[in-house]
Amino acid sequence: MYWFISAFLVASAIFFLAPEKISLEANNAKIKRHLPVSLLILPLIVFGWLVIDTVANGTNYATVAAFGFVTTACLIALPKLHKFIMPSALLTAVALIVMVFMRMN
């Protein structure tokens with residue numbers, strides 16, 4: 001759970017401290033055709049590792065949340081699949097909420 005909080009804090013810091021000019025240049029830049037496929041390499045490696053770990057150790061809500069994070073990363077990399085980002089994020093959020101409630105009991 002600490003990794004999730006630290007990732008949120010780092011992302012918030014980057015969002016608030018990043019210069020605005022860089023954001024404008026990134027929006028105006030054209031994405032190369034092969035770039036989204038290369039962005040999938042790391043998420044697919046992590047996804048394969050999660051599948052192997054799930055088969056070996058079973059599943060729980062933390063595993064579902066991890067699958068949700070990786071799936072969301074894959075969907076962000078492919079512009080054609082952006083319409084599925086919100087359902088994937090919703091699945092991840094529900095898994096995280098259930099995981100927190102289970103730890104409280």
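Analyst: Here is the chain, and the questions below go from the overall picture to single residues. It's a predicted model, so local features need pLDDT of at least 70 and side-chain atom pairs count only at pLDDT 80 or more, while totals for chains, interfaces and linings use all residues. Residues are numbered from 1 along each chain as its sequence is written, and side-chain values use heavy atoms, with hydrogens and water left out.

User: What makes up the chain in terms of helices and strands?

Analyst: There are 6 helices and 0 strands, so the order from the N terminus reads α-α-α-α-α-α. Both kinds of element are DSSP runs numbered from the N terminus: helices are H or I with at least four residues, strands are E with at least two.

User: How much of the chain is buried, and how much surface does it have?

Analyst: Buried residues are 18% of the 105. The label means under 20% relative accessible area, with exposed over 50% and partly exposed in between (1.4 Å probe, protein chains only). The accessible surface is about 8500 Å², and 75% of that belongs to carbon and sulfur atoms. Areas come from the Shrake-Rupley method with a 1.4 Å probe; for residues, only the protein chains shown count as cover.

User: What share of the contacts links residues 24 or more positions apart?

Analyst: They account for 58% of the contacts with a separation of 6 or more. A contact here is heavy atoms within 4.5 Å.

User: How do you know that the length of helix α5 agrees with its residue count?

Analyst: Helix α5 covers residues 61-77, and its 17 residues should span 24 Å at 1.5 Å a residue. The expected span is 1.5 Å times one less than the number of residues. The end C-alpha atoms are 25 Å apart, so the two agree.

User: Which residues of α5 are buried?

Analyst: Thr63, Ala65, Gly68, Val70, Thr72, Cys74, Leu75 and Ala77. Ala62, also in α5, is partly exposed because its relative accessible area is 33%. Its C-alpha atom is 6.6 Å from that of Met99, 37 residues apart along the chain.

User: Why is Thr92 called buried?

Analyst: Thr92 has 5% relative accessibility, so it counts as buried. It is found in helix α6 (residues 85-104) and touches Ala65, Gly68, Phe69 and Thr72, not counting residues up to four places away in sequence. A polar atom of the Thr92 side chain also lies 3.4 Å from the backbone oxygen of Gly68.

User: And what about Ser88, buried or exposed?

Analyst: Buried, because its relative accessibility is 7%. Ser88 is in helix α6 too, and its contacts, leaving aside neighbours within four places in sequence, are Gly68, Thr71, Thr72 and Leu75.

User: What makes the Ser88 and Thr72 side chains a polar contact?

Analyst: The distance is 2.8 Å. The term needs a pair of N or O atoms within 3.5 Å; within protein, one must be able to donate a hydrogen and the other to accept it, and residues adjacent in sequence count only if both atoms are side-chain atoms.

User: Why is Phe47 called partly exposed?

Analyst: Its relative accessibility is 30%, so it counts as partly exposed. Phe47 is found in helix α4 (residues 41-57). Leaving aside neighbours within four places in sequence, Phe47 is in contact with Phe67, Val70 and Thr71. Its C-alpha atom is 9.4 Å from that of Cys74, 27 residues apart along the chain.
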